Amino acid sequence: MALLATMAPGQAARIEAVGGERSFRRRLMEMGFLPGTQVRLVRRLALGGLLELEVRGGHVNLRIDEAAALQVQPL
Amino acid sequence: MDASSTDRRPLVALAGNPNTGKTTLFNRLTGLRQKVGNYAGVTVERVAGECALPGGTKVQLLDVPGAYSLAARSREEELALQCVAGVAGEPRPDAIVLVLDATQLSRNLYLALQVLELGTPVVVALNMADQLAKRGERVDVAALERELGARVVLVSALHDRDFTSLLECVAEALAGDGGPKGEGRQDGNDARSPRRALPRELEADLAQVARCVPESWSLGSNARARAFAEWALLSVEERDELEGVPPDLRARALATRQAAAQGGRSTDDELIAARYAWIDERMSGFVVRASPSRTASERIDAVLLHPLLGFGLFLGLMVVVFQALFAWSDPLIGLVEGAMGHVGDAARSILPAGLFADFVVEGVVAGVGSVVVVLPQILLLFFFIGLMEDTGYMARVAALMDRVMRAMGLSGRAFVPMLSGYACAVPAILATRTMERRRDRLLTMLVVPLMTCSARLPVYTLLIGALWPPVVVAGFVPVQGLLMAAMYLFSTLVALVAAAVLSRTLFRGQGAPLILELPAYRAPHWPSVLGMMGQRASSFLREAGGVILACTIALWFLLSFPKDEAAQARHAQTVVAAATLPEAEQASAVEAADARLASDSLASSWGGRFGHAIEPLIEPLGFDWKIGVGLVGAFAAREVFVSTMGVVYGIGGGVDEESDTLREAIKAEAHADGRPVYTPLVGLSLMVFFALACQCMSTLAAIKRETRSWGWPVFLFVYMTALAWVASFVVHQGGLLLGL
């Protein structure tokens, strides 16, 4: 298991677990971040402190610390 | 809001995820026949329009707020369900047009399933299928229709010339013939909606909750009751902001979810996973896929989100926006001012001279003028914001600015309201409506009025022009320009610090975590951009117009009454005496007498007396009672300070901030002992006061409306005015100590 923040841009991973506060977690899952789903780290926004992720064809930004709610297995 | 009594046309709701082209489609279908209002109890705009079906039937089209899911936690999110399902006061739609983005099909289908479960006839408008084709992919429409149990029409909201086939399907759906053509569905399900296999315990939970769904919601349909049960299980929690949920349903959903949690199950996980399992099983049948490729958007973002280049381009764009707000809007503002001047003159020439003419010209016309004079900047500002939103760049701006804004306890989404604040706080306060959490919204609303809005500009221009010479320092830097820039920087820093302080005290606790979707870039759709510009401008006029007008009129009364009879008698004598003077001198003597009368009348008016009364309070800041009168005048709208000072110094109210006569009067103004009233230090103290004080009734009225309480506007007024007093005190007394 790993965190998205430790991955290299362009790398893909499978989501293992989704944590976090209920409404955040629910919204993440509703947007497609479900256990078993593949995500790709598109880029890190150095000045923005964000991670841009691709999930189910969509691009979604999460803050680096808040993205720790997603536990992943790099592929 | 009550559409049913006045309006017998069928209601069609247009629903979909954000960024699916829903609003573009709405604009295309309704043209300019739109009605903007507010939903009851919340300040989300309710946009409805009229649209004619091929048979000639007219339907009412409702633009449902974009959502990723019907599940809700806040009152604002709850609206999507209420509009789509037609519960809790919203009229029930006769049909729903569901806009799906073909390039984001699997995530969009999540919302689609929730909507279909409600059993209202649905027509799916599959948008951006042309984009998919460019990638070499194709949607199997027949498969989608079969599985969803609804008609699917390929559209391009942006490029299609007509939407006849979509509208024909809507007509069919309204006529009760909405199912897909071809063989019937295999599973023999009574509901039209797709049926999903769920874990047995979850089925039992849902059945339990469904029994608490009121008849007025379920309309006797089991499938619909189940759909509401799913919604309640996902949405209700101990401390949510939902208002329309029946108490029985709320209690049952909470109890059922807790019981499941004690058994080690999460109903959230099971419900969401079941929907995605249904989607994932079928996705390969829906989209015929070529090999995935890096999209155009990703290539553009490699530049626009580049750590250095991206930030540089963003700053460049901001410079252009500012240039537009302050330089390009000038001729337009001149036109508006000129036009209002003509209207005033015309009124003077028609009306008999006297109190009523004064009221019309100095109260009503001036009031309308101070409202419309802000319009050019507001239109320009919303042109840029609309353009940035329509192309998809706005989400990138929120991403670029998130770190800075977060350090201040705000989110990246607060950037647009803050930017709008440079034009006017009222539209900026309206722009906070896009923020999800009440805490984030309130915090943003409380700091936006600190930004240097355009009404402060004339005050700064007047004072800087009067008190600092137009010289250049360090070879090329003009002192006056430097001071102006410093005032902008000062207000921006104060706003950010205020946000940081408020977020660590009054609004302690985390803001909402950020989930920021980056939509694909697209060429701007000009009618949408212009339509948004018009909509925002009209909501500014609605929100601020009346207040500014009323204040200007009230102010005119305060500064005109009671009449000073002694001064009027003196004035009459002077005019009589002037008749004996040589003809060349008569006009100027009368003019001087008029100005003198205006100045005397002001001094004895209620406003003038108030200025005297507050003199001890503002004296430590370096202000005399005449400036006090100007501050009272500025309360209606800051720029009124300039014309009030014109009256105070006996020049007349028709001056503007570029007026040399007014500048000379300011320089010449002296205390009784001969010291000048205005030193550069007093000017600085006065500008700081204007930067920080809450002298804007329409801002307070807008915040009252948005928060539905008097508490927040009172808080805003007190904290800003106290801050202004303290800061001006420090500037003036500190400056005196330093011997300035």
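How many bridges join E3(A) to E4(A), and do these strands run parallel or antiparallel?

Author: Quick housekeeping first: this is a predicted model, where local features need pLDDT of at least 70 and side-chain atom pairs count only at pLDDT 80 or more, while totals for chains, interfaces and linings use all residues. Residues are numbered from 1 along each chain as its sequence is written, chains are lettered from A and ligands numbered from 1 in the order in which they are written, and side-chain values use heavy atoms, leaving out hydrogens and water.

Now your strands: E3(A) and E4(A) run antiparallel and are joined by 6 bridges. Within that pairing, Arg44(A) has Leu51(A) as its bridge partner. Helices (H or I, at least four residues) and strands (E, at least two) are DSSP runs, numbered from the N terminus, and two strands pair if DSSP finds at least two bridges between them.

Step back and you'll see an open sheet of 7 strands, paired antiparallel, in the order E1(A)-E6(A)-E2(A)-E3(A)-E4(A)-E5(A)-E12(B). At its edges sit E1 (2-3) of chain A and E12 of chain B, each pairing on one side only.

Contact here means heavy atoms within 4.5 Å; the axes are lines fitted to C-alpha atoms, for helices over the stretch in contact, with angles from 0 to 180 degrees between N-to-C directions.

As for the interface as a whole, chain A puts in 35 residues and chain B 46. Together they bury about 3500 Å², 49% of it on carbon and sulfur atoms; that is the accessible area (1.4 Å probe) lost on putting the two parts together, summed over both. There are 20 residue pairs in polar contact between the chains, both residues at pLDDT 80 or more. Such a contact is a pair of N or O atoms within 3.5 Å; within protein, one must be able to donate a hydrogen and the other to accept it, and residues adjacent in sequence count only if both atoms are side-chain atoms. On chain A's side, H1 (22-30), E3 (38-45), E4 (50-55) and E5 (58-63) each give two or more residues, and H1(A) gives the most, with 9.

The interface also has 8 salt bridges, meaning a side-chain nitrogen of Lys or Arg within 4 Å of a carboxyl oxygen of Asp or Glu. One of them joins Arg56(A) to Asp280(B), with the closest N and O atoms 2.8 Å apart.
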